[in-house]
Structure formats: structure tokens, C-alpha cells
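Hi,

Here is the structure I promised to pass on. Have a look at it first, and my notes on what turned up follow below.

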Amino acid sequence: MRTITGQYSVRIFFFVCLVVGGYNFLGQSLSFGYVQGYFGVTAQDATWLLRGFQSGTIITSIAGIVFIKWLGNRNLFFSSVLMLIIATAFSFRATEFNILLISRIAAGLCNGFMIAVSTQMFLSTYEGKQKMLGALYTTAANIGGLCLGILVTGLFTDDFGWQFNYLISLPVLLFIFFFSFFLVPAKKTNEEIEDDWISLIPFSILIVSLFFLVLFRQQYQGGQKILICSIIVVLSVCFLLIRGFLHKKPLFDTRLLQYPGFVIALIISYLAGAFFIFNISLLAKLMGGILQMPMHDVLHFFNFLCLVIFTSLIITLILLARKFNPFWLMIAGLLAVSFMGFSLSRLNP
């Protein structure tokens, strides 16, 4: 079967794959509140639909860098998309919560592999200084997918049920699987693949431990389990740091930490992401808990928020493409975030 090698066709295809990966990462699992009532499970159990999928995606999106070298682009992409379709179909037809949870975790693992291959293949179509622009587009695709996921959840879940979030993604996944026969090459070029597979073990342990701390910190507060989990997190981070300095081709190159510019950018990115997640959680609790707003009104609010985020993303991409100074864009964004935090701190419920 002949593979299409047109640069723009390949870019569009893998950009769509990244958007779908971002949509799956957040959108489908946001309906865990509806799942809780449908199956009669606790809120903590229902939350694992979100955390289980996300942890699987995070782990395999990094592990995919190594698996590409072992299995090749085409084999890994075909198998991950096929298994993602099967897991999504099981999620749609699930009649028991345990089946739904297992299928979501499996889907998360496959989703991460799809994102890993799509990212590598999308970036391989850019060379030299253009790679920075390609990395920016991948970020835009991921954020756009997250916004699309929240938007779809808010528009359809209340009227069509939580199953619709899985049903609507099946045609898109089938489309991706069909065209992958023509657009995914047998092997990737222009991109060196890291082979530090040992780091995948502490990284996976780190992600699972962090989710455990987040989910069970109140239930086991001050207990031995939280202490052990915290120690595991510290040991995993230390291992990755040391491995990054000693290995020739580390999965996480911690030698970059010697550059102040990289450290500052890393800290700002982390704080911006953490602040965004914190505010989303805070607003959800404020409107759904304290203000007792109906769920569909809360989701409509987040729909508007997603449209604002997506619009600002498009404007930022246009300004960067026109060689606008990114330093001032970052300053403007930090000022806006600071103003939002100050305004939220003055709210009186």
C-alpha cells in the first residue's frame, strides 16, 4: 500500500490526532459526575475514571518515545488506535462500573501511545529553526483538544447522557485508523529516539504515587500510607535526576537544569498549569457546591471559558507567527493570571 508523503497532508493528519488525544485526555472523563449517579458509586471511585485515564496517558506518552524504537511508528500507531477504538466501544457499552473503569485505563494507555507517535511524526516534518514552530503547534493541538473536550461535555452530556462522549469519538477514531494506512510511514526519520527505557519504571511509579497523594491525602492524612507514598515520590524524582545527569541519552535530560533560562521557563510553565487546574477545581466547587448551581449551568460556564482560552491561543499563535516578542506575551499572560487570582481571592460566597 502506497504511503502518502505530502508534508501538509501528514501535518494535518497528525495535528488531528493530537487534538483527538487532547479531547480524550479530559473531555470524556469529565462526565464522571453523571457516571457516579448512573452506577451508584462514590465520588472518589468515579474520579478514578479521570485519574486512571490521565495517568495511563501521561505514562505512555513518554514511554512511547522508547516503544517507537522497539516496535516502529506504524506498528505502534496501528495497534494503539485499534485498541483505543475497542476500549472506547467497551466504555460506551459498559453496564458495570468496574468494566468501565478498566476500559478507561486501557484507553488511557493507548491514547498516550497515539499522542507519542503523532508528536514525533508531526515534529519530523519540520527542520532546523522551524521545529520550534512545530512544537508550538503541538501545544496548540493539545490545548485545543482539552477545550474541545470540555465544550462537548458541556453541550451534550446533560441531554444525551455520559455514553454519548464515547460514542461521538468512535467515528473520528475509525477515520484516523483508516487513513493511518496511507499516512503513517514504516519508520521515522529526522528525529533521534531516546533509549533510556529504565527511567520509565520510576517515572510510572512517580505518576501513580502522585495521583494517590492527590486522591487520598484527606482519607489517609497523617497516616503511614501517605508517608510511604511521599517517600516513593522523592526517591523516584531523585532517581530520574541522577539518571538524567549520568546517562548519555536520558529520557529526561536533567542537565538542562544548569541553564537559568530553562529553569525559569519550566517553573513558569508548571505554575501556570497548576494555577489553571486549581482555578478550574475552585470554580467547580464554588458554583456546584457553595452556590448550588445546576450542573448544566456549570458546564455552560466552562464552555464559555474554553472558548476564551481557545481564542487567546489562536491570537497568540498569530502574534508569534508575525515575530511578536514572546517575552511581552508572557508578561501579559502572567499579569492576567495575577489579576484573576486577586479577583478570586476577594469573592464573597
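Once you set aside its neighbours within four places in sequence, Ile143 is in contact with Ile309 and Leu313. Keep in mind while you look that this is a predicted model. Ile143 sits in helix α6, which covers residues 130–160.

Next, a helix pair. The axes of α1 (residues 7–26) and α5 (residues 97–123) come within 9 Å and cross at roughly 150°. Angles over 145 degrees count as roughly antiparallel, so that is what α1 is to α5. The crossing of α1 and α5 is left-handed. Which residues meet there? From α1 you have Arg11, Phe14, Phe15, Cys17, Leu18, Val20, Gly21, Asn24 and Phe25, and from α5 come Asn111, Met114, Ile115, Ser118, Thr119, Met121 and Phe122. By type, the residues of this contact between α1 and α5 are ten nonpolar, five polar and one charged.

Then the aromatics. How many aromatic pairs does a search of the whole structure find? The count is 23. One of them joins Tyr38 and Phe39, with 4.9 Å from centre to centre and 75° between the planes, an edge-to-face arrangement. Phe39 has a relative accessibility of 19%; the cut-off for buried is under 20%, so Phe39 counts as buried.

Phe175 and Phe179 make a pair too: their ring centres are 4.6 Å apart and the planes are at 50°, so this pair is tilted. Both residues belong to helix α8 (residues 169–183), where they are four residues apart, about one turn of the helix. Phe175 counts as partly exposed because its relative accessibility is 41%, and Phe179, at 31%, also counts as partly exposed.

Ring pairs link the two of them with Phe97, Trp162 and Tyr166 into a cluster.

Happy to go through any of this with you on screen.

Cheers

Terms used: Residues are numbered from 1 along each chain as its sequence is written. This is a predicted model: local features need pLDDT of at least 70, side-chain atom pairs count only at pLDDT 80 or more; totals for chains, interfaces and linings use all residues. Side-chain values use heavy atoms; hydrogens and water are left out. Axes are lines fitted to C-alpha atoms, for helices over the stretch in contact, and angles run from 0 to 180 degrees between N-to-C directions. Helices (H or I, at least four residues) and strands (E, at least two) are DSSP runs, numbered from the N terminus. Angles under 35 degrees count as roughly parallel, over 145 as roughly antiparallel, 65 to 115 as roughly perpendicular and the rest as oblique. A crossing is left-handed if the near helix is turned anticlockwise from the far one by less than a right angle, and right-handed if clockwise. Contact means heavy atoms within 4.5 Å. Ala, Val, Leu, Ile, Met, Phe, Trp, Tyr, Cys and Pro count as nonpolar, Asp, Glu, Lys and Arg as charged, and the others, Gly among them, as polar. Rings of Phe, Tyr and Trp (its six-membered ring) pair if their centres lie within 6.5 Å; planes under 30 degrees apart count as stacked, over 60 as edge-to-face and the rest as tilted. Buried means under 20% relative accessible area, exposed over 50%, partly exposed in between (1.4 Å probe, protein chains only).
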